[in-house]
Amino acid sequence: MDNHTILNVGSALAESGTLEYYELVRSVRSVAFAAIMKLPSALPIIFTNVVARGGTSGFLEENWQAIIDLAKARGCPLFSVTLTCSPAENAHRILSEERGTLGKIQKPKLLDALVAERVLFNDGATYQITIDNTQLSPPETARRIRHWINSVK
């Protein structure tokens, strides 16, 4: 579940960062998580999102806690994979056409500002790993993640 699946509803109906935006996003997240709770706990649910501290809203931390709570409620482990890459590669990737189609940030200067004010974290995950995927293709990155999960289960 790409985080923009939830965030884009808020962005479509309210100004990003406003109280109304966060209320909408929380409502959509609640509905999505309720649907996930109906699925078998053995079925993996994959989220893609940024888990970072910093910024003005505290929403990223809140959202991460909601994911931790969801894993606990499902009675399953929470695997956290932090993907990193070089600043040059990140600047290149942020301009991809696919990001624009998905409503994601495509402004390298904004990315630089976000990186400067936020710190990635994954406290509370059952298992944690960081993978530098600067030189890795998406399929190779996925293979490494799968291998890691299978090795710690």
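This is a predicted model: local features need pLDDT of at least 70, side-chain atom pairs count only at pLDDT 80 or more; totals for chains, interfaces and linings use all residues.
**Stop 1: the tyrosines in H2**

Start with the rings. Across the whole structure, a search turns up five aromatic pairs. Select Tyr 21 and Tyr 22 to see one of them: the ring centres sit 5.0 Å apart and the planes make an angle of 75°, an edge-to-face arrangement. Buried or exposed, these two tyrosines? Both Tyr 21 and Tyr 22 are buried.

**Stop 2: Phe 33 and Phe 47**

Next, pick Phe 33 and Phe 47. What kind of pair do they make? Their planes are at 65° and their centres 5.7 Å apart, so this pair is edge-to-face; the cut-off for that label is an angle over 60 degrees. Colour by secondary structure here: Phe 33 belongs to helix H2 (residues 19–37), while Phe 47 is in the loop between H2 and strand S1 (52–54), so the contact ties together parts 14 residues apart in sequence. Phe 33 has a relative accessible area of 11% and is buried, whereas Phe 47, at 22%, is partly exposed.

**Stop 3: Glu 62 and its arginines**

Time for charges. How many salt bridges does the structure hold? There are five. Select Glu 62 and look for Arg 26: the closest N and O atoms of this salt bridge are 2.7 Å apart. Glu 62 is in helix H3 (residues 59–74) and Arg 26 in helix H2, so to speak distant parts of the chain, 36 residues apart.

Keep Glu 62 selected and bring in Arg 29. This is another salt bridge, with 2.9 Å between the closest N and O atoms. Glu 62 is in H3 and Arg 29 in H2, so this pair ties together parts that are 33 residues apart in sequence. Show Arg 26, Arg 29 and Glu 62 together, and you are looking at a network of salt bridges.

Glu 62 is partly exposed at 26%, and Arg 26 is partly exposed at 32%. Arg 29, at 10%, counts as buried.

**Stop 4**

Finally, jump to Glu 140 and Arg 144. Their salt bridge has its closest N and O atoms 3.0 Å apart. Where do these residues lie? Both are in helix H7 (residues 138–152), four residues apart, which is about one turn of the helix. Glu 140 is partly exposed, with 24% relative accessibility, and Arg 144 is partly exposed too, with 42%.

Notes
Residues are numbered from 1 along each chain as its sequence is written. Side-chain values use heavy atoms; hydrogens and water are left out. Rings of Phe, Tyr and Trp (its six-membered ring) pair if their centres lie within 6.5 Å; planes under 30 degrees apart count as stacked, over 60 as edge-to-face and the rest as tilted. Buried means under 20% relative accessible area, exposed over 50%, partly exposed in between (1.4 Å probe, protein chains only). Helices (H or I, at least four residues) and strands (E, at least two) are DSSP runs, numbered from the N terminus. A salt bridge is a side-chain nitrogen of Lys or Arg within 4 Å of a carboxyl oxygen of Asp or Glu.
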